[in-house]
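Have the sequence and the model side by side as you read.

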Amino acid sequence: MRFREKLVSMDTRALKSYPRIYTNARNTAQRLKKFNGIDASQLYHPPRLAGQYLCRKYEDFILSVGRLDELKRVDLLLRTLKGCDSRIKGKIAGTGPDYGRLKKLVSEWNLSDRVEFLGYVPDEDLLDLYADCRNADPGSVHQGV
């Protein structure tokens, strides 16, 4: 514990010497505030496929794209599907350590006919998935993606 405290103290001192601190996400900024007492601004980089996103069909599936890790909370999508209209499906693109647990939840919650694990998806196919997935507000065309 003393080593950890010393390390946090050294990090805090070093980071406070900068006039502005930026993080890559709100979560990271919150942790920096919680553990180091330092305010930071989030600075999001544009997505790799910026300028190529579009909306087309609004099919009956919700899309999740990202690393399958418990911290990403993909299980919330599954829980939501469990309680919503059975015509709505889920497509999950990505790989990661939480795959087994998520697959088990799909089975336990009888969602096997409604959830598709896509694994790694190449950019071209990903653009098609984004273009056709259900969007809560068709006028918002994937803003902030």
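Val115 touches Leu78, Leu81, Gly90, Ile92 and Val106, leaving aside residues up to four places away in sequence; contact here means heavy atoms within 4.5 Å. This is a predicted model, where local features need pLDDT of at least 70 and side-chain atom pairs count only at pLDDT 80 or more, while totals for chains, interfaces and linings use all residues. Numbering runs from 1 along each chain as its sequence is written, and side-chain values use heavy atoms, with hydrogens and water left out.

Val115 also turns up in the largest nonpolar core, which has 14 residues; Val115, Leu78, Ile92, Leu111 and Phe117 are the ones touching the most other members. Such a core is a set of buried Ala, Val, Leu, Ile, Met, Phe, Trp, Tyr and Cys residues joined through side-chain atoms within 4.5 Å, with buried meaning under 20% relative accessible area, exposed over 50%, and partly exposed in between (1.4 Å probe, protein chains only). Helices α3 (75-83) and α4 (99-108) and strand β5 each supply at least two residues of this core. Both kinds of element are DSSP runs numbered from the N terminus: helices are H or I with at least four residues, strands E with at least two. There's a second, separate core of ten residues, and Ala93, Leu127, Leu129 and Tyr130 are among them.

Now for the sheet. Three strands make up an open sheet in the order β3-β4-β5, with parallel pairing; two strands pair if DSSP finds at least two bridges between them. At the edges sit β3 (61-65) and β5 (115-119), each pairing on one side only. On average, neighbouring strands are turned by 15° against each other, direction ignored. Axes are lines fitted to C-alpha atoms, for helices over the stretch in contact, and angles run from 0 to 180 degrees between N-to-C directions. Strand β4 (residues 89-93) pairs with β5 over four bridges, and Ala93 has Gly119 in β5 as its bridge partner. Helix α5 (residues 123-132) packs on the sheet, touching β3, β4 and β5, and its direction makes about 140° with that of β3.

Over in β3 you'll find Ser64. Ser64 counts as buried because its relative accessibility is 16%. Its contacts, not counting residues up to four places away in sequence, are Val74, Leu77, Lys91, Ile92 and Ala93.

Finally, a look at the loops. Most residues other than glycine have a negative phi. Asn110, in the loop between α4 and β5, has a positive phi of about 55°. Asn110 counts as exposed, since its relative accessibility is 64%.
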